Amino acid sequence: MSPRRSEPAAAKRLAAERPASHFDQAYFDKWYRHPRHRVKTPAELARQVAFVVRLAEWVLGRPLRTVLDVGCGEGQWCPAIRRLRPAVRYHGVDPSAYAVARHGARRGLQQGGIEELDRLALDPQYDLVVCCGMLNYLAPDTLRRGLRQVAQRTGGMAYLELFTADDAVTGDTRWPAPQAPAWYRRTLRQAGFHGIGMHSYVPSVQRSRLAALEWGTP
């Protein structure tokens, strides 16, 4: 998914989350690689990853060492991060059996969902936790529970890409109807996150790392 403010938000929505089996090779071929349907070009992904890595390092005050990518798909962030920081330890989690079978050994992916982080072989915390292009697929209750688990794993910064009812987006937008911005702000705050802008968050208990005018909402 990516923002596009010049067009109205897609009207077609799903009433519930899609099963893990939906995210097969055909899904990734269409949304990751097809020149007409893909959400990001390789250059756009590289710019996004570079921005997130450097912002996380600004928050941490040191080079990035560990990354957890939740809902990672095929783990495209892994090679993009390692081009910038070759020594980073990257762990990815995704419900897609196809993605993990194809890329798991090479990119460090495990099969699982956002609510299962406490049952997977993961580090207690990570310098950077990424949830990119996947949170809008979750029903509200799943999102609430999942964000609490993500917060527990966030030792530095989290990049949590979410689009609201006020946003127009392109890409695969057949997900549960998005909520109002205030709903997401409240949900993120209740999960233990403090916003610093551009989809980036720090655990609320660590917000003293930042100057007051660096704080966003929630």
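**Stop 1: a bridge in the sheet**

Select Leu68 and look across to S3, where its bridge partner is His91. Strand labels here are DSSP runs of E of at least two residues, helix labels are runs of H or I of at least four, and both are numbered from the N terminus. S2 (residues 66-70) and S3 (89-94) run parallel, joined by 5 bridges. To count as paired, two strands need at least two DSSP bridges between them.

Before going on, a word on ground rules. This is a predicted model, with residues numbered from 1 along each chain as its sequence is written. Local features need pLDDT of at least 70, side-chain atom pairs count only at pLDDT 80 or more, totals for chains, interfaces and linings use all residues, and side-chain values use heavy atoms, with hydrogens and water left out.

Now colour by pLDDT, the predictor's confidence in each residue from 0 to 100. The protein averages 86, and 86% of the residues score at least 70. Residues 4-15 fall below 50, and beyond near neighbours in sequence this stretch has 19 contacts in the model (contact means heavy atoms within 4.5 Å). Where pLDDT is low, the predicted coordinates should not be read in detail.

**Stop 2: the whole sheet**

What is the strand order of the open sheet? Reading across, you get S4-S3-S2-S5-S6-S9-S8, 7 strands with mixed pairing. S4 (109-111) and S8 (193-197) stand at the edges with a single partner strand each, so one side of each has no neighbour in the sheet. From one strand to the next, the twist averages 25 degrees; angles run from 0 to 180 degrees between N-to-C directions, with axes fitted as lines to C-alpha atoms, for helices over the stretch in contact.

**Stop 3**

Go back to S3, where 5 of the 6 residues are buried. Buried means under 20% relative accessible area, exposed means over 50%, and partly exposed is in between, using a 1.4 Å probe and protein chains only. S3 and S4 run parallel, with 3 bridges between them; pick Asp94 and you'll find its bridge partner, Gln111, in S4. The chain gets from S3 to S4 through H4, in a right-handed β-α-β crossover. Right-handed here means that, with the strands pointing away from the viewer, the path from the first strand over the helix to the second runs clockwise.

Next, select H3 (residues 77-84): together with S2 and S3 it makes another β-α-β unit, also right-handed.

**Stop 4: S5**

Select residues 126-131. That's S5, and 6 of its 6 residues are buried. On one side, S5 pairs with S2 in the parallel sense over 3 bridges, and Asp69 has Val130 of S5 as its bridge partner. S5 is also joined to S6 (residues 154-160) by 5 bridges, again in parallel, with Cys131 bridged to Leu160. Follow the chain from S5 through H5 (residues 140-153) to S6 and you trace a right-handed β-α-β crossover.

Zoom in on Tyr126, which lies in S5. Is Tyr126 buried or exposed? At 1% relative accessibility, it counts as buried. Leaving aside neighbours within four places in sequence, Tyr126 has contacts that include Val67, His91, Arg153 and Gly156. Tyr126 and Gly156 are 30 residues apart along the chain, yet their C-alpha atoms are separated by 6.9 Å.

Then click Asp127, also in S5. Asp127 is buried as well, with a relative accessible area of 8%. Beyond neighbours within four places in sequence, its contacts include Arg62, Arg65, Gly156 and Met157.

**Stop 5**

Move over to S8 and S9 (residues 200-203), which pair antiparallel over 4 bridges. His194 has Val202 in S9 as its bridge partner.

**Stop 6: two cysteines**

Finally, select Cys72 and Cys78. Cys72 is buried at 5% relative accessible area, and Cys78 is buried at 3%.
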